[in-house]
Amino acid sequence: MKADNGHHDTHYYNALTRRMIGIIIVVSITPMLLVAGVIYSQFHDSYKEKVYAHLGELVLKHRQNIDNFLTEKLNNIRFMAEALDVEELNNERVLREKLKILQEEYGTVFEDLGFVNHEGLQVAYAGSLKLENARYSGAEWFLKALENEYYISDVFMGLRGFPHFIVTVRGGTDEEPWVLRATINFMAFNALVQKIRIGKTGFAFILNRQGQYQTEPAFDALPSIQQYSEYFLTRNPSSHSNVRIMEKEDSAGRVNLYVGALLKGGDWLMVYQQHSEDAYADLQHAQKIIILILLVGIIGIVTMSVLLSGRMVSRMSFIDREKEMMNQQVIETGKLASVGQLAAGIAHEINNPVAIMVEEAGWIQDLLEEEEFAAGKNLEEFQRALLQIGTQGRRCKEITHKLLSFARKTDSRIHDVRVNEMIDELVELSAQRARYAGVEIITRFQKDLPLLKVSETEFQQVMLNLINNALDAMEKKGGLLKISTSLEGEEMVIEVADNGPGIPKSNLARIFDPFFTTKPVGKGTGLGLSICYGIVKKMGGEVDVKSVMDHGTTFHIRLPVIQD
Amino acid sequence: MTIANVLLVDDEVGFVETMTKRLTKRNLSVTAAHSGKDALKVLDDNETIEVVILDVKMPGMDGIETLREIKTRFPLTEVIMLTGHATVETGIEGMKLGAFDYLMKPCDMDVLMEKVGEGAAKKRGHEDKIVQARVKEITNRRA
């Protein structure tokens with residue numbers, strides 16, 4: 001039953017601990033996660049916005065640069081076409097001179113200059129290649145050049161076999177137009193775009209409407225770029241000043257950030273591409289810090305909750321156990337009180353039959369005195385037996401009288417008490433027990449003590465409790481119990497000293513507490529000394545205790561002597 | 001001629017019977033009663049009762065109550081209280097109410113006999129004084 005209880009208790013306390021840990025964890029971690037989550041998402045949004053704005057700005061600026069570059073080159077040619085007449089343009093020497101000036105000004109950007117007549121025949125040429133009289137009548141750029149007053153071609157291989165593009169200006173009449181063309185060095189143009197590099201993976205390139213590269217991308221392997229370019233290109237060209245930003249997963253499974261802007265009047269598309277994780281590197285750094293803080297926090301909270309709950313529950317179980325013990329003792333005390341009443345009742349009831357038995361024995365004794373029995377040979381034996389019955393009957397009477405006088409309600413009326421005589425009586429009463437315990441009781445009384453005005457029964461109770469405690473303490477080894485009385489000024493001092501095992505210091509402060517006992521359950525109520533304390537206090541006195549381990553314990557009772 | 005006329009009152013029949021025998025053997029005239037009411041009735045009918053031996057603890061009308069009643073109605077009759085357990089309080093109360101003495105049960109026969117004798121003597125002494133007083137009164141009246 002008891003083990004069962006214990007098992008049940010363990011189960012209960014474990015469940016309680018778990019519940020407390022759960023509550024602490026939920027209550028502490030939830031707000032932490034919420035705050036971290038909200039802050040992170042806010043930071044994420046604003047950081048993304050910042051990255052978008054930054055990249056948009058960057059792309060716009062570079063688009064502007066490239067547009068400017070193209071426009072500048074076109075303007076150079078236009079200026080030349082307007083400044084020179086057809087004769088001069090037709091003159092190779094003049095063209096070479098002009099090319100030289102341009103190259104001096106812009107480095108190797110201008111590769112060559114050529115003058116093409118309406119039939120597509122390059123009638124004049126200045127440059128490093130031998131392209132005099134080259135025929136361009138079928139070339140795509142030439143047809144476009146004829147259609148538009150100014151034209152910048154896509155990058156193409158052409159006759160020379162390496163990538164380049166051409167800037168043209170149309171002149172002459174509608175019937176007989178001519179075209180002045182300049183070849184722009186691809187490398188120079190390419191460098192403009194390639195120098196756009198951010199982070200580890202950010203790079204830019206330019207596509208035409210057909211999705212062909214107009215510049216060499218820094219990284220290849222962009223197989224699915226087609227669809228994005230198409231998407232960008234289907235945009236209304238009038239919105240070319242706008243930058244479009246999108247994030248998509250490429251075929252390799254990586255999320256990329258794409259920033260696109262149209263240039264060259266919507267013919268070309270500049271694309272800036274970067275891995276998202278690279279673009280948001282700072283964000284990921286922040287994320288790592290947040291996760292680290294959260295982890296540390298969670299570990300801290302969990303550890304704390306486990307420790308705290310464990311400690312609290314063990315404290316609670318300790319208190320519960322104490323409470324249970326106290327309940328047990330209260331029940332025990334009640335039981336004892338009813339047993340006392342029962343004993344008193346029984347003692348009273350036994351008294352009458354014993355009286356009758358004694359009287360009957362007496363009657364037989366009376367009868368034996370008649371003459372007819374005087375000669376009986378067993379007369380002496382009869383008389384001895386009857387005497388014995390009488391003696392034992394009186395013994396019974398004494399026992400019941402003692403039982404009754406100690407079980408009946410204490411009388412708190414104040415009497416004049418002769419302390420020494422009363423202690424003597426009590427010592428006599430305890431003599432039997434002391435003999436069994438191997439304890440010798442010595443009394444040292446001061447003679448001629450004044451009468452003490454206290455309740456006799458209560459005072460008896462105090463003294464008997466102290467004597468009994470001392471006997472209990474010395475039960476195992478025997479010893480010496482010294483009771484002495486003396487008068488110190490206005491106070492009577494009664495000392496009860498034993499040389500038993502002593503009281504441990506930790507218990508000494510609690511011995512007057514109600515229900516404090518070191519005796520096994522059922523043996524002591526833990527009330528004896530607290531009752532003594534209460535009684536002595538009520539009498540206006542003091543009780544204190546001194547104890548040395550292995551040397552014994554001494555109780556002092558000081559009671560005021562009231563003179564009439 | 002007996003030493004005294006005694007009324008023994010106790011609810012324990014066995015006790016009363018044996019005591020009656022023993023006291024009778026010791027030359028007392030004993031009447032028995034088993035309750036306070038019975039005792040009063042006996043006293044009403046029999047004026048010769050000199051000493052009442054009265055148990056304190058009885059069901060119904062207890063010893064103290066009976067004592068009070070006896071002392072108001074038969075003031076000259078002496079009462080010896082028998083107590084089951086000696087308590088100072090009952091003893092004092094009994095004496096205050098006019099009991100002659102009190103003894104503890106079971107009591108020593110010699111002591112009891114002594115007390116009964118003293119009680120009877122006291123009663124007779126009182127009665128003699130009353131008689132003498134009356135005689136004196138009558139003689140004085142004559143004179």
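1. The axes of helix H12 (residues 456–473) of chain A and helix H14 (residues 528–538) of chain A come within 9 Å and cross at roughly 140°. Helices are DSSP runs of H or I with at least four residues, numbered from the N terminus; axes are lines fitted to C-alpha atoms over the stretch in contact, with angles from 0 to 180 degrees between N-to-C directions. The crossing of H12(A) and H14(A) is left-handed, meaning that the near helix is turned anticlockwise from the far one by less than a right angle.

2. This is a predicted model: local features need pLDDT of at least 70 and side-chain atom pairs pLDDT 80 or more, while totals for chains, interfaces and linings use all residues. Residues are numbered from 1 along each chain as its sequence is written, chains are lettered from A and ligands numbered from 1 in the order written, and side-chain values use heavy atoms, without hydrogens and water.

3. On the H12(A) side, the residues that meet H14(A) include Val462(A) and Leu466(A); those in H14(A) include Ile531(A) and Ile535(A). Contact means heavy atoms within 4.5 Å. The residues of this contact divide into 7 nonpolar, 4 polar and 2 charged; Ala, Val, Leu, Ile, Met, Phe, Trp, Tyr, Cys and Pro count as nonpolar, Asp, Glu, Lys and Arg as charged, and the others, Gly among them, as polar.

4. Tyr136(A), Trp141(A) and Phe142(A) form one aromatic cluster. Trp141(A) is buried at 5% relative accessibility, and Phe142(A) is buried at 2% (buried: under 20% relative accessible area, 1.4 Å probe, protein chains only).

Technical notes
Helix = DSSP H or I, 4+ residues; strand = E, 2+ residues; numbered from the N terminus. Buried < 20%, exposed > 50% of the residue type's maximum accessible area, 1.4 Å probe, protein only. Phe/Tyr/Trp six-rings, centres within 6.5 Å; stacked < 30°, edge-to-face > 60°.
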